[in-house]
Amino acid sequence: MDNKLVVIASLKEIGFKNGATLPELFKNISQIGLKPCSVETGLLLRLVWKNQPESQNNILSGTHEVPN
């Protein structure tokens, strides 16, 4: 089993002051030697990271309600 280091950083911390598109984000992180985590790792992080900050973008995060 390979050990991996997970880096959690804000967009601002990796060089984006005003947000970024997903292609811009992927390009930037590859230039600084990082890469996206695997789907499995992402899912596991969502389950175990209890104090995750909530998104302030209500268009993307929505209301988390089931439609009528």
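Analyst: Contact here means heavy atoms within 4.5 Å. By that rule, and leaving aside neighbours within four places in sequence, N28 is in contact with I14 and F16. The model is a predicted one, in which local features need pLDDT of at least 70 and side-chain atom pairs count only at pLDDT 80 or more, while totals for chains, interfaces and linings use all residues. Residues are numbered from 1 along each chain as its sequence is written, and side-chain values use heavy atoms, with hydrogens and water left out.

N28 belongs to helix α1, which covers residues 22-31; a helix is a DSSP run of H or I with at least four residues, a strand a run of E with at least two, both numbered from the N terminus. The protein chain has 3 helices and 0 strands, in the order α-α-α from the N terminus on.

N28 has a relative accessible area of 16% and is therefore buried, a term for values under 20%, whereas exposed means over 50% and partly exposed lies in between (1.4 Å probe, protein chains only). Of the 68 residues in the protein chain, 6% count as buried.

For a contrast, V48 lies in helix α2, residues 39-48, and is exposed because its relative accessible area is 54%.
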